[in-house]
Amino acid sequence: MLESPTTPAALVCCVLTPAGRGAVGVIGLAGDQSSLAAAIDQRFTPVGSRSFEQIKQQSIVYGLWRSTQEDLVVLRTKNGYEIHCHGGNAASSAIVEDLAAAKIDEVTQHRWQRLHVSPWTAETNAALSQATTGRASKIILQLHQRQAESLRDLVSAIESQNFHSATNQIERMLAWSQFGQLLTRPRSVVFCGQPNVGKSSLVNSIVGFQRAIVNAKAGTTRDVVTQLTAIDGWMVELKDTAGLRSSDETIESIGIEKAKLEIKSAHLRVAVFDATDDFDDADRQLLQDVCPELVVFNKSDLAVGFTPPAELDVATRHCQRRVSVSATTNDGMPDLIAAIGEALVPALPSKDQW
């Protein structure tokens, strides 16, 4: 049952090529071939004197799509047909619209996959199309190869009423469910702290170019600024938030509230402090409110001989790591990037998981 694709109960089509500009666009059609051929015959004129209905058994037919007056190719497939047209969105959209008039419904690529391959393979293909790094793609393929066998073992254990074994297998799978979900979407890393501690400069330094506006005046960042990058082969969304402080200014207050929401939902919270400033009550309150997994002391180049305050040993005992850096000179930045990677993915599934 795990290897059985879903048989299409209706006539459907799907644009199989990615959106955007391209040399060739491909539209798949699935369902009863006679009905599909009749619909194509009304809209497509093959080269030569015969109609498409007369030559529909040919593997490849070249001709003209009547509504767009564009040359294209119709290919016969195991499950229906493919129309190969000009690339870009315009040509394929016009053809899909014509097919809709013939009651051939457009479906998503995910649904299309489910019509032609097993559900597990369809889900793997969908995940691969969403993976944004080579490391994530490799793991998805490994999971596909291993987990198909694991699912068969699970079904076998349930059918034989070996519920203890089945329960253990399910628990092992669920333990890595969030890891699997994050193979196709970025992990969020939020930089938070008081104004002017250098959060924006740190984000800029990590991604390698100036993404956020940096200014010496407190309160410059008024909203949550995001930037995608890869760390240790994992897609990461760095979020530079407004400085956390009390403010009577409406716009800045909105930015601070947005920052608090991002902090709450982040996969990793990085609290940033100015190494040249004394550790004060506002810093203590920030640690209490944020509960960061990582603490960064920025501007280390201006704080020669800096050592973290002793009270931080208690205040940050739950943190995985503390790092001193300079966003200006890049001192300590490799350590910060490594710390982010280790905190986001502290362990990988064992080989028997995939």
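User: Is Tyr81 buried or exposed, and what value shows this?

Analyst: The model is a predicted one. In it, Tyr81 has a relative accessible area of 2%, so it counts as buried, the cut-off being under 20%. Phe52 is likewise buried, with a relative accessible area of 1%.

User: How many aromatic pairs are found in the whole structure, and how is such a pair described?

Analyst: Two values describe a pair of aromatic rings: the distance of the centres and the angle of the planes. A search of the whole structure gives seven aromatic pairs. In one of them, the ring centres of Phe52 and Tyr81 are 5.7 Å apart and the planes stand at 65°, so this pair is edge-to-face. Phe52 belongs to the loop between strand E3 (44–46) and strand E4 (60–65), whereas Tyr81 belongs to strand E6 (residues 80–86); the pair therefore ties together parts that are 29 residues apart in sequence. Ring pairs also join Phe52 and Tyr81 with Phe44 and Trp65 in a cluster.

User: What kind of pair do Phe179 and Trp234 form, and where do these residues lie?

Analyst: Phe179 and Trp234 form an edge-to-face pair, with 5.9 Å from centre to centre and 75° between the planes. Distant parts of the chain are linked here: Phe179 is in helix H7 (residues 177–181) and Trp234 is in strand E10 (residues 234–240), 55 residues apart. Phe179 and Trp234 are both buried.

User: Which charged residue sits over the ring of Trp234?

Analyst: Arg187 does: its charged end is 5.0 Å from the centre of the Trp234 ring.

User: Strand E10 also holds Met235. Which residues are in contact with Met235, apart from its neighbours within four places in sequence?

Analyst: With those neighbours left aside, Met235 is in contact with Thr132, Thr133, Pro186, Arg187, Leu228 and Thr229. Thr132 is 103 residues from Met235 along the chain, yet their C-alpha atoms are separated by 6.6 Å. The relative accessibility of Met235 is 16%, so this residue counts as buried.

User: Let us turn to helices. How is the packing of two helices described, and at what angle do H8 and H12 cross?

Analyst: Two packed helices are described by the angle between their axes and the distance between the axes. Helix H8 (residues 199–207) and helix H12 (residues 333–344) have axes that come within 11 Å and cross at roughly 85°. H8 is therefore roughly perpendicular to H12. On the H8 side, the contact is made by Leu202, Ser205 and Ile206; on the H12 side, by Met333, Leu336, Ile337 and Ile340. The residues of this contact comprise six nonpolar, one polar and no charged.

User: How many of the residues of H8 are buried, and what covers them?

Analyst: Seven of the nine residues of H8 are buried, so the helix is largely enclosed by the rest of the structure. These buried residues are Lys199, Ser200, Leu202, Val203, Asn204, Ile206 and Val207. Their cover includes strand E8 (187–193), strand E9 (225–231), E10, strand E11 (268–274), strand E12 (294–298) and H12. After H8 comes Gly208, with a positive phi near 90°.

User: Which residues other than glycine have a positive phi?

Analyst: Most residues other than glycine have a negative phi. Among those with a positive value is Gln69, whose phi is near 60°. Gln69 lies in the loop between E4 and strand E5 (70–76), and its relative accessible area of 54% makes it exposed. Asp232, also not a glycine, has a positive phi of about 55°. The loop between E9 and E10 contains Asp232, which is partly exposed at a relative accessible area of 44%.

User: What do the totals for the protein show about its helices, strands and buried residues?

Analyst: The protein has 12 helices and 13 strands. Of its 354 residues, 41% are buried. Among contacts with a separation of 6 or more, 59% are between residues 24 or more positions apart.

Key:
Residues are numbered from 1 along each chain as its sequence is written. This is a predicted model: local features need pLDDT of at least 70, side-chain atom pairs count only at pLDDT 80 or more; totals for chains, interfaces and linings use all residues. Side-chain values use heavy atoms; hydrogens and water are left out. Axes are lines fitted to C-alpha atoms, for helices over the stretch in contact, and angles run from 0 to 180 degrees between N-to-C directions. Helices (H or I, at least four residues) and strands (E, at least two) are DSSP runs, numbered from the N terminus. Angles under 35 degrees count as roughly parallel, over 145 as roughly antiparallel, 65 to 115 as roughly perpendicular and the rest as oblique. Contact means heavy atoms within 4.5 Å. Ala, Val, Leu, Ile, Met, Phe, Trp, Tyr, Cys and Pro count as nonpolar, Asp, Glu, Lys and Arg as charged, and the others, Gly among them, as polar. Rings of Phe, Tyr and Trp (its six-membered ring) pair if their centres lie within 6.5 Å; planes under 30 degrees apart count as stacked, over 60 as edge-to-face and the rest as tilted. Buried means under 20% relative accessible area, exposed over 50%, partly exposed in between (1.4 Å probe, protein chains only). A charge sits over a ring if NZ of Lys or CZ of Arg is within 6 Å of the ring centre and within 35 degrees of the ring normal.
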